[in-house]
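Please keep the sequence and the model in view while reading.

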Amino acid sequence: MVNIPPFDATCQYQSIAADIEKNICAVMAGGRYIMGPQVKEFEAQFAQYLSCEQVISCNSGTDALHLALRALKIGAGDEVITTPFTFIATTEAIGIVGATPVFVDVDLNTYNIDTELIESKITERTKAILPVHLYGRPCNMTAIMEIARKYNLKVIEDCAQATGAVWSGKKVGTIGDVGCFSFFPTKNLGCFGDGGAIATSDKVIAERVEYLRRHGGKVKYQHEELGLNSRLDTIQAAVLLVKLQYLDRWNSARAEIVDYYINQLANVKNIVLPTAVQSGSVWNQFTIRVLDKQRTNVQKFLKEKGIGSMVYYPIPLHLQQVHSNLNYPLGSLPISEQLSDEVLSLPMFPELTASAQKVVVESVSQAFFALT
């Protein structure tokens, strides 16, 4: 039996091991394990890659969202419009600052926030829109920015799964007021643990994020407000400096895998294939929809064949216990609920071999043949 995981970090490491180990050893020898020179170097290189004024690194994608909200002075009594079809970190950050998430259903084709529904959710308490570029496919940022300008709202882009994605010629994370990135190991640009970053071209926001991540003080031992300890470890910055050089190449490899998947699975009944968004997708996940309530059976069949798959996300956020106080009953956001019942992510990583891709598509086809 084959063994094809949903994601495999070991192949990527083997391809760049010498450079990674050289950079890590330099950190170890240099002794500056917290805020060493590699951190600033990575921030500068990532800002150049994104074509934005400044990047401030931090210790996770969740903290990036938290710091962005704090920097924009969003807090108790404020509302932030976002999607229910995402990871809990998105609304976790909103709740941590004391604000309230207001959910807008998603588009059935893109899985991203439905921009046509946003305006109906805006109130006098709305302070920001927080779109999530889910699975590496960019949201309709043209429509979102038009709404934000119309109502004088801030825009915080959750780019955790979309590093390198493009909308209308601009990298995601540079279109709104702030872009938030995760460097969790499974992301398109992943480090060897937790890591994150905030991107912005607003100097005031950048300065505020910078001191909030260091205990709320611009000068050591002088604290202007309560901040947090959210620094990117120097070793992780050293890893990211190597990986950033390969990001576009890896994203292109993902796109080639997607092309193969789509071509080979086009005639399989009872699934709906994802499509690219303005050719700017970077495919952190390749997520199909399995119809007729067959997902569990398909996933079981694939597992028996040695093929890993994942369900992101089986319960939309508006139905999570943590958000029960928001009073979104079952059926209130039907598209998100439908997707939670149907989505299935197939193996997706740049090093996935042609032979492994062939096994995946053949097994998916066999799964539906076996179920009919």
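The largest pocket has a volume of about 570 Å³. The model is a predicted one, and the values that follow are computed from it. A total of 27 residues line the largest pocket, and those nearest its centre are F87, Q161, F184, T186 and K187. By class, this lining has 12 nonpolar, 12 polar and three charged residues. Two helices, α3 and α4 (89–96), each supply at least two residues of the lining. The largest share comes from α3, which gives three residues.

How do α3 and α4 pack against each other? The angle between them is about 40°, and their axes are 9 Å apart. An angle under 35 degrees would count as roughly parallel, and one of 65 to 115 as roughly perpendicular; α3 and α4 are therefore oblique to each other. Their crossing is right-handed. On the α3 side the contact is made by T62, L65, H66 and L69, which meet A89, T90, E92, A93, I94 and I96 in α4. By class, the contact of α3 with α4 has six nonpolar, three polar and one charged residues.

Helix α3 (residues 61–71) also packs against helix α6 (residues 203–212), at an angle of about 125° and with the axes 9 Å apart. That angle makes α3 oblique to α6. The crossing of α3 and α6 is right-handed. L67, R70 and A71 of α3 make the contact with I205, R208, V209 and L212 of α6. Here the residues divide into five nonpolar, no polar and two charged.

Helix α1 (residues 9–30) packs with α7 at an angle of about 140°, and the axes are 9 Å apart. This makes α1 oblique to α7, since the cut-off for roughly antiparallel is over 145. The crossing of α1 and α7 is right-handed. From α1 the contact takes Q12, I16, D19, I20, N23, I24, V27 and M28, and from α7 it takes T234, I235, A238, V239, L241, V242 and K243. These residues divide into 10 nonpolar, three polar and two charged.

Two places in the backbone remain. Most residues other than glycine have a negative phi, and most peptide bonds are trans. Where does H215 lie? H215 is in the loop between α6 and α7 (234–244). Its phi is near 65°, a positive value in a residue other than glycine. The other place is the peptide bond that joins Y312 and Y313, which is cis, with omega about 15°. Y313 is in the loop between α9 (295–304) and α10 (334–342).

Key. Residues numbered from 1 in each chain as written. Predicted model: local features only at pLDDT ≥ 70, side-chain atom pairs only at ≥ 80, totals over all residues. Heavy atoms only, no water. Axes fitted to C-alpha atoms, helices over the stretch in contact; angles between N-to-C directions. Helix = DSSP H or I, 4+ residues; strand = E, 2+ residues; numbered from the N terminus. Left-handed = near helix turned anticlockwise from the far one by under 90°. Contact = heavy atoms within 4.5 Å. Nonpolar A, V, L, I, M, F, W, Y, C, P; charged D, E, K, R; others polar. 1 Å grid on protein atoms, 1.4 Å probe; cavity = no way out; pocket = protein on both sides within 12 Å on 5 of 7 lines; lining within 4 Å. Points joined across faces, edges and corners; volume = space filled by probe spheres on them.
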